[in-house]
Amino acid sequence: MKTATNGRDRGGVILVSPNGEHRQSLKEAVRAQSAVILSEWTQYPAADQLSQVITPICDALLVDVDTDSRVALDLVEAVCRQQPWVTVIVYSKTTQQDLLVRSMRAGAREFLSGEIAPGVLSEALERGAARRAEYGKERASGKVLVFWGA
């Protein structure tokens with residue numbers, strides 16, 4: 001369920017975390033980087049809700065996978081397939097090698113665990129913003145050539 005938005009014309013972060021304690025910690029980490037939280041989801045959205053979740057100005061989707069890793073990783077995979085400009089960042093309170101591997105296979109670009117160091121999140125968000133900007137350039141500079149036989 002979407003709760004709060006403060007979207008602006010610049011990119012921002014969409015936060016998905018069913019765990020209240022994790023969600024609060026992630027919000028503090030994101031705000032410490034002066035990043036905008038575009039929306040906050042207290043449950044994992046279904047695949048048919050992705051158009052409501054992801055906006056064109058979203059740089060990163062931050063997903064807490066500790067509550068239900070299977071559902072969370074299905075969400076990660078759906079976002080990466082349908083919204084390729086979005087940098088998906090997976091968060092887990094613990095570092096589990098298996099979970100890290102499954103997250104990367106689902107398409108996540110970043111994996112954060114435990115206490116999030118400010119520099120780590122800052123760099124991840126910068127890469128997300130650069131990726132969204134680069135994706136927009138690629139689409140704007142495309143060409144279509146049509147050849148018609150006699």
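**Close-up views of a predicted model**

**View 1. A nonpolar surface patch around Trp 148.** Val 144, Val 146 and Trp 148 make a nonpolar surface patch of about 470 Å² (patch residues have over 30% relative accessible area and no salt bridge, and nonpolar side chains are joined within 5 Å; areas come from the Shrake-Rupley method with a 1.4 Å probe; a salt bridge is a Lys or Arg side-chain nitrogen within 4 Å of an Asp or Glu carboxyl oxygen). Trp 148 is found in the segment after helix H5 (118-140), and its relative accessible area of 79% makes this residue exposed (exposed is over 50%, buried under 20%). This is a predicted model, in which local features need pLDDT of at least 70 and side-chain atom pairs count only at pLDDT 80 or more, while totals for chains, interfaces and linings use all residues. Residues are numbered from 1 along each chain as its sequence is written, and side-chain values use heavy atoms, with hydrogens and water left out.

**View 2. Strand E3 and its parallel partners E1 and E4.** Strand E3 (residues 58-64) is largely enclosed by the rest of the structure, because seven of its seven residues are buried (strands are DSSP runs of E of at least two residues, helices runs of H or I of at least four). Five bridges join E3 to the parallel strand E1 (residues 12-16), where Leu 15 stands opposite Leu 62, and pairing requires at least two DSSP bridges. E3 also pairs in the parallel sense with E4 (residues 87-92) over five bridges, and Asp 64 has Tyr 91 of E4 as its bridge partner.

**View 3. Ser 103 in helix H4.** Ser 103, which lies in helix H4 (residues 97-106), counts as buried because its relative accessibility is 0%. Leaving aside residues up to four places away in sequence, Ser 103 touches Leu 73, Val 76, Val 90, Ala 108 and Phe 111 (contact means heavy atoms within 4.5 Å).

Methods: Buried < 20%, exposed > 50% of the residue type's maximum accessible area, 1.4 Å probe, protein only. Patch = residues over 30% accessible without salt bridge, like charges linked within 9 Å, V, L, I, M, F, W, Y side chains within 5 Å.
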